[in-house]
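Open the model in your viewer and keep the selection tool at hand. This short tour goes from strands to helices.

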Amino acid sequence: MDGSGKPLLIVKRAAKFFGNKLVFKEISCEVRPGEILLVAGPNGAGKSTLMRIMAGLSKPSAGEVSLRLDPEDAAYLGHATFLYPGLSALENLKFWGAMYGFSPTRDELMALLKRVGLERAAEEKAGSFSRGMAQRLNLARIYQAAPKLIFLDEPGTGLDPASLRRLREEIVGLRDRGVAVVWISHHVTEDAALADTVLALGGRRVRYFGPASGFTPEGVC
């Protein structure tokens, strides 16, 4: 973890209601450059709802959320991959590069595919990809924008062991590049060992927020 930079994200006493139903309240945390924040908790604890609020995709019912960077410097990877199945891996990256306002060369696109281990599948249609391959191509898609903060909502869901291992390597690699990562995972025991900080939700509130080294999932997740 870098730890020396100013926070890119600050959440203060955030709460969320859906109608009269309380999802969570009094959620506070910070995320700094080069830091992995793992968001943990049981199903229904509000992890994805909180991440969408953190990313500016939804508003809290109470409290404050401050993203201290330009909107284009943050990226969100949810359950949908936003890939076009009829386009090849290269064509998908070229399309999204244009959407970001870039004009990437083939060599630049191939470098992105190599980074996520998909260079041999460059000309294959994305619709033929496994879940793991699609997730890696989606990572390459958001890498084009060189974000400073990335939100990952359960990116390991449905991945085989090899793809999950590569995904974890990618997430650690992001931190090594100084990128901040907010990461929701169901593999809490394994993934907490890779994180710097853990925010655990439960009972509509924060059950733990602090160093990953001091977190124990028993009784929380």
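**First stop: the strands**

Select residues 9–18, strand E1, and residues 21–31, strand E2: seven bridges pair the two in the antiparallel sense. Bear in mind that this is a predicted model.

Now pick Ala 14. Which residue of E2 stands opposite Ala 14? It is Ile 27.

Move to the hairpin of E1 and E2. Two residues lie between the strands. Click on Gly 19, which takes a positive phi near 65 degrees.

E1 and E4 run antiparallel, joined by five bridges.

While the strands are on screen, show side chains. In a regular strand, side chains alternate between the two faces of the sheet.

**Second stop: a helix pair**

Select residues 131–143, helix H4, then residues 161–176, helix H5. Their axes are 10 Å apart, and the helices pack at an angle of about 15 degrees. The angle is under 35 degrees, so H4 is roughly parallel to H5. The crossing of H4 and H5 is left-handed.

Which residues of H4 meet H5? Select Gly 132, Arg 136, Leu 139 and Tyr 143. On the H5 side, select Ser 163, Arg 166, Leu 167, Glu 170 and Leu 174. Color this contact of H4 with H5 by residue type: four residues are nonpolar, two polar and three charged.

Methods:
Residues are numbered from 1 along each chain as its sequence is written. This is a predicted model: local features need pLDDT of at least 70, side-chain atom pairs count only at pLDDT 80 or more; totals for chains, interfaces and linings use all residues. Side-chain values use heavy atoms; hydrogens and water are left out. Two strands pair if DSSP finds at least two bridges between them. Helices (H or I, at least four residues) and strands (E, at least two) are DSSP runs, numbered from the N terminus. Axes are lines fitted to C-alpha atoms, for helices over the stretch in contact, and angles run from 0 to 180 degrees between N-to-C directions. Angles under 35 degrees count as roughly parallel, over 145 as roughly antiparallel, 65 to 115 as roughly perpendicular and the rest as oblique. A crossing is left-handed if the near helix is turned anticlockwise from the far one by less than a right angle, and right-handed if clockwise. Contact means heavy atoms within 4.5 Å. Ala, Val, Leu, Ile, Met, Phe, Trp, Tyr, Cys and Pro count as nonpolar, Asp, Glu, Lys and Arg as charged, and the others, Gly among them, as polar.
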